[in-house]
Each structure stands twice: as C-alpha cells, then as structure tokens.
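Here is a short report on a protein structure. Take a look at the model first, then read on.

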There are 2 protein chains.
Amino acid sequence: MIDQTAVYPPEFTESIKDLIELLGDRLQIRQTAPSVFVLADENTARQCYPSILEHWTLPGSLVLIEVAAGEGSKDWTKSAAVLKVLSEKAANRSSILLALGGGVITDLGGFLASVYMRGIRFALIPTSLLAMVDASIGGKSGLDVGGAKNLAGLFCRPEAIGVWPGFLKTLPESELRQGMAEMLKHALVASKDHWHSLSGSQESVLREFRNSSLKAMGWIRESARIKFEIVQADPLEKGLRSVLNFGHTVGHAVESALLESGSPIGHGQAVLFGMRVELVLAEALLGFEDRAQVDAVLLDWSVWFERASTDIERMVHWMRFDKKRSQGTLRFALPKKIGEAVFGVECSEDEVRKALKKLW
Amino acid sequence: MIDQTAVYPPEFTESIKDLIELLGDRLQIRQTAPSVFVLADENTARQCYPSILEHWTLPGSLVLIEVAAGEGSKDWTKSAAVLKVLSEKAANRSSILLALGGGVITDLGGFLASVYMRGIRFALIPTSLLAMVDASIGGKSGLDVGGAKNLAGLFCRPEAIGVWPGFLKTLPESELRQGMAEMLKHALVASKDHWHSLSGSQESVLREFRNSSLKAMGWIRESARIKFEIVQADPLEKGLRSVLNFGHTVGHAVESALLESGSPIGHGQAVLFGMRVELVLAEALLGFEDRAQVDAVLLDWSVWFERASTDIERMVHWMRFDKKRSQGTLRFALPKKIGEAVFGVECSEDEVRKALKKLW
C-alpha cells in the first residue's frame with residue numbers, strides 16, 4: 001500500500017557533504033547503486049550542480065538533465081523532452097531523480113518522476129529561498145497547460161527534501177524577493193511573531209540573508225516549519241491547507257494574464273500583488289485592521305511591473321478557471337488579523353474587481 | 001489517506017439503464033449533481049454516447065469531449081488538448097470524467113482525470129472487447145511520449161468500471177481479434193480450461209461473440225476475472241502481475257517500431273505476434289511443449305502486416321527501452337505449459353534476435 005498523502009519534512013544540512021550523505025541514506029543509494037538523474041535549469045546546472053558532482057562519493061553514476069530557466073520549462077508540451085531524455089539515457093524503474101533548483105524545477109521534477117514509467121523515486125534539493133520555504137514542501141507538483149498554471153498536477157511524495165542554505169549565495173536579490181513573498185504570507189496567515197521578525201527594514205533583512213546569518217537561517221526554518229505543519233495537518237487540501245492560498249487566487253490570475261500577454265512576472269511578485277489585493281477584501285469583509293501597515297511592507301518587497309499588457313477583465317477570466325474555485329463561487333483565504341487566517345470566504349466577481357481596481 | 005493500490009473490479013450490467021444506475025451509485029451522482037464529462041473517440045461518440053445520453057436520468061449535465069480514434073490520441077502532446085477543453089468548460093474538482101471507449105480512451109481518461117487539478121473522480125466504461133477484459137482492469141493508465149508506448153503513466157483508481165457487453169455489437173471484427181489476443185494470453189498464463197474454451201475454430205468463436213451468446217459472455221467474464229485476480233494479488237507489479245507481460249515485451253517493441261515507421265498496427269495484433277515470438281523462447285528456455293498447436297491458434301487470429309517498413313534491429317532498440325527491462329537484462333514472462341507461467345526469465349538480445357528471425 002502506498003500512502004500518497006504522507007508529507008515529507010524538509011531536512012536542513014550544514015554542508016554539501018552532509019546533504020549528499022542525507023540523500024544517500026534516504027534513497028538507499030549505497031545499497032542499490034542506481035543511475036541518478038539530476039534535473040537542473042541552466043542556472044543551477046552551472047552554479048549548484050558542480051558542487052554536487054565534486055562531493056559525490058556515493059555509488060551510482062550522475063547524469064545531468066538541463067532545461068531552460070524560468071516558468072516556461074513547466075509547460076506540459078515542453079516537459080515531454082525531459083521524459084524523452086530519461087528514456088534515451090535508459091532510466092529504468094530503479095533510477096532516481098534529483099530535482100536541483102527552484103520551484104519550477106521541484107514542481108517539474110516531482111511531476112515527471114511520478115509519471116515516468118508509472119513512477120520512479122525522487123528527492124528535491126531546493127536551491128531558491130522560495131523553494132526552500134514553500135515549493136518543495138507539501139507533496140504538490142504541477143505543470144502548466146496552455147498558460148494555465150498547475151492545471152495538471154499530482155500529490156506525490158519525495159523520498160527526501162534536502163536543504164542546504166549555502167545554495168542561497170548563488171541567488172540574485174530578485175530571487176530573495178520572490179522567496180520573501182511566501183515567507184511574509186506564512187507569517188500573515190500563521191504567526192504574528194514571524195511577521196514581526198520579517199517586517200523590519202528591507203535593507204536589514206537582505207543583509208541577514210546575504211550574510212547567511214543565524215538569524216536568516218532561523219527565519220527560513222521557521223517559514224518551512226509553518227508550511228510543513230499546515231500541510232501535514234491537511235495533506236489533500238480538504239480545509240485548513242487552503243489558508244496557504246492567501247494571495248494566490250489573485251496572484252495566479254495576474255501571473256497567468258501576464259504570462260499569456262508575453263510579459264511574465266515571477267511567482268513571488270505575483271503573490272505579493274495578490275496579497276495586497278486580497279488584503280483589500282480582508283479589510284472590507286473581515287475587518288482586517290492593519291492593512292496600511294502590512295501593505296507598506298508588501299509594497300517595499302514588490303518590484304514595479306508593466307500593467308498595460310493585460311487588464312482586470314483578463315484576470316477575472318483566469319480567476320474563473322482557478323482551480324480553487326468551487327462550484328461557481330470565488331472563495332478566498334484571508335487573514336482576519338496578522339497571524340490568523342480563515343478560508344472559504346465567498347466573494348463576488350464585482351467585489352474582486354473593485355479590489356483589483358484599487359491597486360491596478 | 002488514499003490507497004492508490006486498491007484495484008477496482010469490473011462490474012457487469014445487463015442494460016444501459018443498469019449501467020447508468022451503477023455509475024450513479026458508485027460516483028454518488030444523485031447526491032452531488034456534478035458536471036459530468038464524457039471522453040469518447042469519434043467512433044464511441046457516434047455509436048455509444050447517444051445511448052448513454054438517451055438513458056441519462058441522473059442529475060448533472062453531460063459534456064462530450066471527442067478525440068480522434070486510434071493510438072495517436074494517447075500521445076502526451078496531443079492529450080493537452082483534452083485538459084484545455086476541461087478547463088475551458090470549467091471542470092472543477094467536483095467534476096467527474098467518464099471514459100467511454102476502448103483501451104486508448106480508458107488509458108487516456110484515467111491518466112488525465114488523475115492529473116487534472118491534481119485529480120478528479122472518474123469511471124471507465126470499456127466498449128471494446130480488449131478494454132472489457134484487460135485495459136480497463138488493474139488501475140494502470142498511460143500516455144505515449146514520442147512514440148514510446150506508455151512511457152508516462154500512473155497507478156490510479158477509477159470509482160467504477162461499468163461493463164455493458166451490448167456495446168460489443170458496435171465493434172468491427174478486427175476489434176474482436178484485438179480483444180481475443182489478450183483473452184488468449186490470459187488463458188495461456190493462467191487457465192488451461194479457458195484455453196480449451198477459446199481455442200476452437202475461429203469461425204465458431206466469432207459467431208458466439210456476434211450473437212452475444214451466454215457462452216461468449218462467460219468467456220469475457222472469465223478473462224476479466226483472471227486479469228482482476230492477478231492484479232489484485234500484485235497491484236504494483238512487484239512480481240506475479242508481470243506474468244501478464246507475456247507477449248508484451250516483443251509486442252510493445254513491434255508496436256513502437258511500426259508506429260514510428262508510419263505503419264501502425266493494433267495493440268492486440270502486436271501482442272499476438274509478441275506471444276508467437278516469445279513462445280519460441282519458452283520452448284527453447286523452459287521446454288514449453290505445445291508450441292506448434294498454440295502457434296496455429298495465435299496465427300489464426302493474426303492479421304497479415306507489412307514487415308518491410310521496419311526491421312529486427314529497430315525492435316531490439318525499442319526492447320532496450322522497454323520499461324520492464326531491469327538493470328540491463330531483458331526479462332520475459334513465459335508460459336512453461338498451457339495455463340501456467342513464470343516471470344523474470346532472463347534472455348540475451350541474441351536469443352531474442354534468433355526468435356524474432358524465426359517469425360519475421
């Protein structure tokens with residue numbers, strides 16, 4: 001029997017050597033000497049894979065599979081190329097896939113490993129802040145179909161999630177911003193203390209990350225813990241887990257609308273915008289009191305993006321197809337105060353339009 | 001918790017009305033009035049869907065999604081179109097998919113339902129003999145990637161498998177031949193009695209099917225029972241289930257080789273050829289004694305196909321990538337006598353080449 005709903009916790013390691021030891025143990029690589037395929041994008045292939053290769057002392061050969069950086073690689077049609085490479089390089093049912101990268105790579109790798117020959121074992125090695133605190137945790141994987149984000153997906157189970165925060169040093173500041181979006185979300189829906197830690201000046205927060213300070217490491221672990229505890233309590237998103245959708249109903253819509261218009265923005269940036277819009281709803285519907293203060297922090301982490309290429313109606317269109325929509329009603333997860341959220345809040349399209357207009 | 005490995009038994013019904021009642025019960029359609037999507041190919045859309053529609057007395061609207069007939073519709077890239085239609089017609093997590101057709105449709109429908117929005121509920125309504133006795137049973141689904149058969153797939157669980165043998169009347173004789181291939185396989189690996197029932201003159205067997213005689217219905221149920229009992233004992237194909245691969249290692253290879261050459265043959269025909277070749281191996285390696293007699297029956301059900309468009313080396317190439325290959329060795333499931341098979345029999349490529357040459 002396979003329990004597809006068991007959620008695997010992220011495990012933090014102190015060095016690449018420890019990370020590889022962890023993978024060896026969890027995937028029983030010493031015992032089985034499988035062929036090991038490493039899925040990376042052009043960035044992690046250049047900046048992270050060489051360290052893995054250098055410290056690889058386990059049996060089993062490593063084969064690198066490289067895809068283009070960015071959301072485009074999560075496209076259903078494009079992803080077939082990875083399956084073909086696995087086949088050409090004779091990956092079999094005993095082979096292992098390591099997904100080395102940010103959220104796009106962990107989503108793509110988790111999905112493809114789960115379907116290749118009806119499923120091979122895999123592990124996630126998140127290298128971006130966003131993947132470390134969010135995307136790699138919770139057993140969800142997904143592909144985009146014709147621009148619709150995660151329209152195809154699976155609940156699937158990695159054998160391990162190995163985190164080595166040292167990989168963060170390879171990240172540009174824009175990527176730290178993307179990860180901060182989800183960390184701020186975790187704080188807003190689940191922990192007032194975490195919010196107070198993270199809502200200091202942007203410069204000071206970035207400095208801690210750049211120095212890989214103990215403080216920054218603590219923030220990352222705390223965000224990962226919040227995500228893990230919520231998904232462990234509700235692995236199949238029957239209820240509680242949907243608080244993590246805060247910012248995402250609007251966020252996915254803006255992300256899809258800009259993707260189809262040819263001016264894509266990152267997921268984290270879309271979520272920052274989504275949270276700002278949804279806080280307008282939280283204020284109107286739930287009496288959320290700290291919108292001005294919270295909005296200032298979210299805006300601080302946001303980057304300007306060109307709005308002209310799409311419009312509000314196109315976003316409403318995408319929201320209609322958002323998978324969280326249930327039976328004709330738009331439902332939102334919203335904080336009622338900092339650190340406490342509710343889910344299943346019904347909103348009409350007009351209420352959403354009004355909130356969007358306020359910030360578009 | 002989801003037990004992905006529970007295997008659903010086929011349920012035989014006496015009329016379309018009973019079939020629809022069964023679906024209503026198993027999918028709780030009366031209670032939830034979901035939107036119901038029916039996946040069909042151009043043949044079953046014309047010949048089977050109207051009867052379903054006519055007798056549909058359940059709540060919930062029916063939406064037909066039609067794809068081209070034939071293996072081509074199981075292609076990974078093409079299948080995205082079905083996901084897009086589901087999305088455009090606002091299928092949500094409460095929606096249901098009914099896969100109405102032969103093995104291509106049950107494979108395609110099972111896979112896509114399992115990944116659309118991370119999984120919606122689905123049922124299979126096999127309309128071909130092959131799907132009734134084989135493809136719809138056992139929780140496997142699969143898509144072809146770049147010509148490689150079932151390179152992507154899932155173990156997934158329909159809520160129901162509703163069989164109404166009346167649909168067989170819509171089938172051309174060539175389709176009955178495809179189904180007979182798997183029925184003969186079931187007999188050869190698991191039941192001498194079943195073999196003796198099925199190995200009568202082809203004309204008399206076809207007559208029983210054409211008349212939907214009680215005898216023919218008994219054969220279908222017996223083949224479905226054999227398949228179900230084997231997969232129930234070993235849902236994840238850790239061992240025993242692989243006896244069902246008899247004829248399929250060579251069969252998939254010839255199917256893939258002819259598909260890429262532009263002269264595709266049906267799965268059943270490929271399996272008939274595969275069994276004939278693999279019986280040469282069974283005779284050589286396991287002392288199988290009745291090859292001449294069995295080969296005559298298999299040949300009787302076979303249809304001539306053009307061999308010139310591919311060759312033995314191309315088939316060996318595809319066998320190398322066959323997913324049943326484990327760690328560099330070709331392994332076969334072979335009968336040692338009629339009604340009794342073993343699995344995991346190692347063969348060298350040269351032994352396989354020799355057997356292929358005998359019949360190519």
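Ala33(B) is found in the loop between H2 and strand S2 (36–41) of chain B. Helices (H or I, at least four residues) and strands (E, at least two) are DSSP runs, numbered from the N terminus. The phi of Ala33(B) is near 40°, a positive value in a residue other than glycine. Ala33(B) is partly exposed, with a relative accessible area of 41%. Here buried means under 20% relative accessible area, exposed means over 50%, and partly exposed lies in between (1.4 Å probe, protein chains only).

This is a predicted model, in which local features need pLDDT of at least 70, side-chain atom pairs count only at pLDDT 80 or more, and totals for chains, interfaces and linings use all residues. Residues are numbered from 1 along each chain as its sequence is written, chains are lettered from A and ligands numbered from 1 in the order in which they are written, and side-chain values use heavy atoms, with hydrogens and water left out.

Gln28(B) sits in the loop between H1 and H2 of chain B. Gln28(B) is not a glycine, yet its phi is positive, at about 50°. At 44% relative accessibility, Gln28(B) counts as partly exposed.

Helix H1 of chain B covers residues 16–26. Its buried residues include Ile16(B), Leu19(B) and Leu23(B). What do the buried residues of H1(B) pack against? They pack against S1, helix H2 (29–32), helix H4 (49–55), strand S4 (96–101), S5 and S8 of chain B. Contact means heavy atoms within 4.5 Å.

**Strand S8 of chain B**

Strand S8 of chain B spans residues 160–163, and both its faces are covered. Ala160(B) and Gly162(B) are buried on one side, Ile161(B) and Val163(B) on the other. Strand S1 (residues 10–12) of chain B runs parallel to S8(B), joined by three bridges. Two strands pair if DSSP finds at least two bridges between them. Phe12(B) has Val163(B) in S8(B) as its bridge partner. S8(B) also pairs in the parallel sense with strand S5 (residues 121–126) of chain B, over two bridges. There Ala123(B) stands opposite Ala160(B).

**The sheet of chain A**

In chain A, six strands form an open sheet in the order S1-S8-S5-S4-S2-S3, with parallel pairing. Strands S1 (10–12) and S3 (62–67) of chain A stand at the edges; each has a single partner strand, so one side of each is left without a neighbour in the sheet. Neighbouring strands of this sheet are turned by 25° against each other on average, direction ignored.

How enclosed is S2(A)? Six of its six residues are buried, so S2(A) is largely enclosed by the rest of the structure. Val36(A), Val38(A) and Ala40(A) point one way, while Phe37(A), Leu39(A) and Asp41(A) point the other way. In a regular strand the side chains alternate between the two faces of the sheet. S2(A) pairs with S3(A) over six bridges in the parallel sense, and Ala40(A) stands opposite Glu66(A) there. S2(A) also pairs with S4(A), parallel, over five bridges.

**Charged side chains**

The count comes to 50 salt bridges over all chains. A salt bridge is a side-chain nitrogen of Lys or Arg within 4 Å of a carboxyl oxygen of Asp or Glu.

| Pair | N to O distance |
|---|---|
| Glu11(A) and Arg26(A) | 2.8 Å |
| Glu346(B) and Arg331(B) | 3.4 Å |
| Arg353(B) and Asp350(B) | 2.9 Å |

Glu11(A) is buried, with a relative accessible area of 19%. Arg26(A) is partly exposed, at 33%. Arg353(B) and Asp350(B) are three residues apart in helix H16 (residues 349–359) of chain B, separated by about one helical turn. Arg353(B) counts as buried at 15% relative accessibility, whereas Asp350(B) counts as exposed at 53%.

Which charged residue is buried yet has no salt bridge? That is Glu278(A), and the nearest side chain of opposite charge, Lys185(A), is 9.7 Å away. Lys and Arg count as positive and Asp and Glu as negative; His and the chain ends are not counted. Glu278(A) lies in helix H13 (residues 267–286) of chain A. Its side chain reaches the backbone nitrogen of Val250(A) at 3.0 Å.

Definitions and conventions: Polar contact = N/O pair within 3.5 Å; in protein donor to acceptor, adjacent residues only side chain to side chain. Axes fitted to C-alpha atoms, helices over the stretch in contact; angles between N-to-C directions.
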